[in-house]
Amino acid sequence: MLEQEWLNIYRETVRPLYGYMGKRTGGNQALTEDIVQESYLRALDHWNLKSVPDIPLAWLKRVARNILIDYLRQKKWDAKAGAEIYPDARGEGSEDTFESLEMFLAVTSLGRKKARILEAFYYDGLSVREIASEMAISERAVEGLLRRARQSLKSLLPDSTPNGGKND
Amino acid sequence: MTKTYEPDGRFVERLEWQLASEYRRANRLKAAPGKVAVPRRMVAVTLVAGVLLAGVAAIKAADYIRDSWRKSLEIARVGTEVQLKKAHLESTREMAARAETLASSGLIREEESQVLKLGVEKAALDLDRSLLNLDEVKASGVAPRDELYAPVMGGRDFVSERLKIRIKDVERDLELLGSRLDRAKQLVEVGVASGEELDRIQAEIAARKAMIDETRKRIDLRKRYVAGEVTAQEVEIGDRMAVAEKNLHEAQARVDSLMKQLERSQAQEAVGMISPRETSQLRYALDAAQAELKLAALEVDVLGRIK
């Protein structure tokens with residue numbers, strides 16, 4: 001990988017990656033910046049040893065998401081030990097249910113399919129039709145999945161009321 | 001989800017700079033594909049060590065190849081010598097057998113047959129010497145060494161073995177010279193030959209005896225060296241002394257012989273049997289022999305002082 005290629009990838013992906021992560025961190029700027037930075041550093045190590053993936057942004061998003069999940073899980077353990085929970089999570093977006101870190105962690109703790117559909121709908125702002133197309137299922141199936149995912153999430157977060165996202 | 005999540009411009013710029021720096025740093029330390037990155041110092045030390053080891057290995061390999069090549073060449077050379085000596089021995093044996101048959105039937109003199117028999121023995125000794133050389137070359141990888149301070153090879157003292165063969169060889173010469181002397185005496189007694197032949201043979205016998213004495217001294221010296229009683233330097237001086245003493249004896253024998261010849265020549269010249277020129281030639285030969293005798297005596301004297 002040449003330096004120019006590396007910088008081009010960065011310039012093309014930094015804004016979508018930041019947006020992707022910002023939505024999941026509830027708009028927490030410091031946390032988002034840290035995770036984006038860490039994702040690129042991991043990409044540099046990995047891509048230098050192997051090769052640049054076909055879709056660099058997808059790779060970066062997956063890594064950034066995993067970093068965030070690891071971070072939140074660690075924080076949860078710390079909270080159980082008595083530490084302040086998500087000290088940075090009470091930022092500008094904390095009013096929105098789906099813009100809280102606790103909510104994101106709850107979403108990721110659902111099954112893979114439910115988490116995916118909730119993230120696509122609420123965090124990435126995809127429509128039912130777009131999700132159906134991406135997952136190669138019917139729109140009705142997407143709606144069913146979304147409904148069940150919300151119910152599961154509700155059982156995990158009884159005080160929260162998931163709403164938002166795009167409706168067709 | 002109506003918010004836009006845009007990164008801060010300064011963050012994007014700073015991260016780009018950091019990632020560019022990280023990229024350069026990573027690629028400076030990056031090893032070749034498929035290899036493990038190691039510190040430069042280690043690489044340098046390894047390279048230097050590698051070059052040195054490669055150099056030593058190359059020298060050793062070159063030495064080995066050269067030594068191996070030299071050994072093969074030497075074995076081939078001495079091996080050929082052995083084959084020639086074998087062929088020579090066979091040929092001499094055949095000649096001796098024919099001569100014996102002829103002598104028994106009275107077609108040739110017994111002395112001639114005797115000479116050929118001695119020739120067979122000398123050829124056999126020659127072959128023994130060559131076989132000894134071959135064994136030494138195989139053991140050492142180099143040409144046979146005759147120095148008294150040469151090392152013992154594979155538990156065998158090739159130097160002494162060769163010297164013993166030399167004594168046997170000279171003893172065969174003495175046997176032959178003894179026969180010739182007896183024959184010459186008979187001829188002189190009956191007046192067929194002059195006393196000059198006798199003197200010449202006697203001089204040769206004296207020289208051979210001196211050679212045997214010198215060889216025995218060398219064997220003794222060699223034995224002392226192998227036993228660690230004398231140093232290589234002492235061996236060298238002792239060896240030179242033995243050769244110098246042999247040369248002295250030979251020179252003395254030659255001078256004695258020439259003096260006798262000159263006396264006879266002068267007597268014959270006085271009665272007009274030979275020309276003055278022949279006497280002059282003998283005188284010059286005697287002068288040269290006496291000069292050699294002086295030199296030999298001087299060498300013995302000098303070596304004796306060093307000793």
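User: How many residues of chain B are in contact with chain A?
Analyst: Contact means that the C-beta atoms of two residues, placed from the backbone, lie within 7 Å. Chain A brings 22 residues to this contact, and the number from chain B is 16. This is a predicted model: local features need pLDDT of at least 70, side-chain atom pairs count only at pLDDT 80 or more, and totals for chains, interfaces and linings use all residues. Residues are numbered from 1 along each chain as its sequence is written, while chains are lettered from A and ligands numbered from 1 in the order in which they are written; the count for chain B is 16.

User: On the side of chain B that touches chain A, how many residues are nonpolar?
Analyst: Ala, Val, Leu, Ile, Met, Phe, Trp, Tyr, Cys and Pro count as nonpolar, Asp, Glu, Lys and Arg as charged, and the others, Gly among them, as polar. This side has six charged residues and no polar ones. Its nonpolar residues number 10.

User: How many helices does chain A have?
Analyst: Helices (H or I, at least four residues) and strands (E, at least two) are DSSP runs, numbered from the N terminus. Chain A has zero strands. Its pattern along the sequence is α-α-α-α-α-α-α. The helix count is seven.

User: What share of the residues in chain A is buried?
Analyst: A residue is buried if 20 or more other C-beta atoms lie within 10 Å of its own, exposed if 12 or fewer, and partly exposed in between; C-beta atoms are placed from the backbone. Chain A has 168 residues, and the buried share is 36%.

User: What span should helix 2 of chain A have?
Analyst: The rule is 1.5 Å times one less than the number of residues. Helix 2 covers residues 29–49 of chain A, which is 21 residues.

User: How are helix 6 and helix 7 of chain A oriented to each other?
Analyst: Axes are lines fitted to C-alpha atoms, for helices over the stretch in contact, and angles run from 0 to 180 degrees between N-to-C directions. Here the axes are 8 Å apart and the angle is about 105°. Angles under 35 degrees count as roughly parallel, over 145 as roughly antiparallel, 65 to 115 as roughly perpendicular and the rest as oblique. So this pair is roughly perpendicular.

User: How are helix 6 and helix 7 of chain B oriented to each other?
Analyst: Their angle is about 160°, with axes 8 Å apart. So the pair is roughly antiparallel.
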